[in-house]
Amino acid sequence: MAFALALVPGAAAASEPVVTSIAPDAVAVTIYRAPDRAADSAMNLDWLEGYALITETRSVDIPAGAATIRFESVAGGMLPESALVTGLPSGVREKNLDADLLSARNLYARAYGRPVILRRQRGKDGKGTVSEERAVIRSGPDGAAIVQTRDGFEVADCGRGISDALIYSEMPEGLSARPTLSVRTESTAAKRATITLSYLAWGFDWQTNYVVRLNPVTGKADLTAWVTLASSDPTSFPAASTAVVGGKLDREDSRETRDVQDGDLVLHCYLQPRVWAPQVIPPPAPPPPPMMMEGMMAADIVVTAQRRSAPIMNAPVKVTEEGLGDLKLYRVPMPTTVAANAQKQVAMHDLKSVKFKTWHTADLWDGIDGNATIKLRTRNRKEDGLGVSLPGGPVAVFEPHEADLLLVGQGGMRDYAVNEDVEVTLSSSPQVHVKVRKTASAARWADFEAKVSNANPWPIMFEGMVRLDDGAKLLRPSTPLTRKFGRPTWTVSVPANGEALLRYRVTDPD
């Protein structure tokens, strides 16, 4: 379990009363995609670089005179410079983010040079003897757990048939159970105020995950889309009004990297590495457990929908699309929990009979000898079964095989607006081979032959773009070529278990 700690702001006068708001009455979470992540690439769950706009409503009893208001259970990744507090009688005089996290790692680091209790258990399954002795931590949280006892220095929990655990008799000064924002204010009279707290926080991200069930006979597919949102923040936001924003929103941050608020404590023996977790006596008022699963490393996903066999259009939760200037906002229409260190999926689209065409493509250049790339193409319009906004994200393509569906490719898709040409790049095809060889040459020209071999028992469409140096010209193609993106393009239907040839001449630049 991840704990959070709060540093008591030193700026607050000791005589001022402190009012604590433990949790918000209501909260809204709007997640923005990581600015530097390409729309068609998957989230890095170990390092989420998107952010969220979090708006909280809290009811606070404010005393007369100067006071410090503490807002507990804010996001651990809060950017304090972005925090806006409205509803205080006389505004905010000062604000401080107290957001270090009480984790096993931080607790161990804070205990450096301090006495702890070293508990040792000999034997397995709790059947051995247990002894305790005082020790002093003499190492940092990276490397081995070196402690000093009456007998000298040693490495804790390092084999010998003994299981060691460190017990902390007290919590180091300045640690608390929750990330906290504290503000100083002043009121002419005691009153109960409804306060709105809005801020940006790191450690969130979202993407769209697409599942395409392709029927190669009809050339049509069923397309299912899910909004996948993720949080690496230590704070959970239960029953939140949740939305995600599609499109690229430029944002610059003065910090080059996001601060690491907590982390796992992994200590090693000198002879044999092993994971070591110290025993921690919890603080008097531990935080409530997250409402969803802990530990995103397990890559668990909570799916807000019905059973897979039912159409997701009948799912109890399905995001709705709204305009937001040049961006798109996708709102979850009912309260949902954005849990700490977790993922969640919400249904987005369930489209039937989408007209996809399968293409095999390659760039044609002297010496190429490899497999073609599989691409799916369509147009984002109602006539082709689409006509909806398609935020970027990973794509998995399945085809029927007897009574089952088998994965035939994975790729990514960028953001597509309505009426745009859609292209999904999948993996290379082991059944379609492309080779270009030089057949003749002179001082200012060279002749080439491009061959596409199709080992599939059905015909395929191939598209090859000829790569030319600046100023070079393509002459005398054996079949008429078109131009795509300004480049000569060979489009051909390759028969089942057959091949197609293209011969052409390239002249050097003048």
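A pocket, in the sense used here, is an open set of grid points with protein on both sides within 12 Å along at least five of seven lines. The model under discussion is predicted, and the second largest pocket in it holds about 790 Å³ of space. This pocket is lined by 28 residues, of which Pro-216, Thr-358, His-360, Glu-399 and Trp-458 are the closest to its centre. Several strands contribute to the lining: S13 (191-215), S21 (357-364), S22 (369-379), S23 (393-401), S24 (404-413), S25 (421-441) and S27 (460-466) each supply at least two residues. Strand S25 provides the largest share, six residues.

The protein has 510 residues, and 45% of them count as buried. Among contacts with a separation of 6 or more, 75% join residues 24 or more positions apart.

The average pLDDT of the protein is 79, and 76% of the residues score at least 70. Residues 1-13 have a pLDDT below 50, and this stretch has 55 contacts in the model beyond near neighbours in sequence. Residues 254-261 also stay under 50 in pLDDT, and the model gives them 13 contacts beyond four places in sequence.

The charged side chains come next. How many salt bridges does the model contain? The count comes to 23. One of them joins Glu-56 to Arg-58, with the closest N and O atoms 2.7 Å apart. Residues under 20% relative accessible area are classed as buried. Glu-56 is therefore buried, because its relative accessibility is 0%, and Arg-58 is likewise buried, because its value is 1%.

A second salt bridge pairs Asp-363 with Arg-487, and here the closest N and O atoms are 3.4 Å apart. Asp-363 lies in strand S21 and Arg-487 in strand S30 (residues 487-494), so that this pair links distant parts of the chain, 124 residues apart. Asp-363 counts as partly exposed because its relative accessibility is 31%. Arg-487 is also partly exposed, with a relative accessible area of 26%.

Glu-463 and Lys-484 form a further salt bridge, at 3.4 Å from N to O. Because Glu-463 is in strand S27 and Lys-484 is in strand S29 (residues 482-484), the pair ties together parts that are 21 residues apart in sequence.

At 21% relative accessibility, Gly-370 counts as partly exposed. Which residues does Gly-370 touch, apart from those up to four places away in sequence? They are Val-432, His-433 and Val-434. The C-alpha atoms of Gly-370 and Pro-430 are separated by 8.8 Å, although these residues are 60 residues apart along the chain.

Two backbone angles complete the account. Most residues other than glycine have a negative phi. Ala-239, in contrast, has a positive phi, near 50°. Ala-239 lies in strand S15 (residues 237-246) and is exposed, with a relative accessible area of 53%. Glu-402 is not a glycine either, yet its phi is positive at about 55°.

Technical notes: Residues are numbered from 1 along each chain as its sequence is written. This is a predicted model: local features need pLDDT of at least 70, side-chain atom pairs count only at pLDDT 80 or more; totals for chains, interfaces and linings use all residues. Side-chain values use heavy atoms; hydrogens and water are left out. On a 1 Å grid over the protein atoms alone, a cavity is a set of points where a 1.4 Å probe fits but cannot get out, and a pocket is an open set with protein on both sides within 12 Å along at least five of seven lines; lining residues have an atom within 4 Å of a point. Grid points are joined across faces, edges and corners, and a volume is the space filled by probe spheres set on the points. Helices (H or I, at least four residues) and strands (E, at least two) are DSSP runs, numbered from the N terminus. A salt bridge is a side-chain nitrogen of Lys or Arg within 4 Å of a carboxyl oxygen of Asp or Glu. Buried means under 20% relative accessible area, exposed over 50%, partly exposed in between (1.4 Å probe, protein chains only). pLDDT is the predictor's confidence in each residue, from 0 to 100. Contact means heavy atoms within 4.5 Å.
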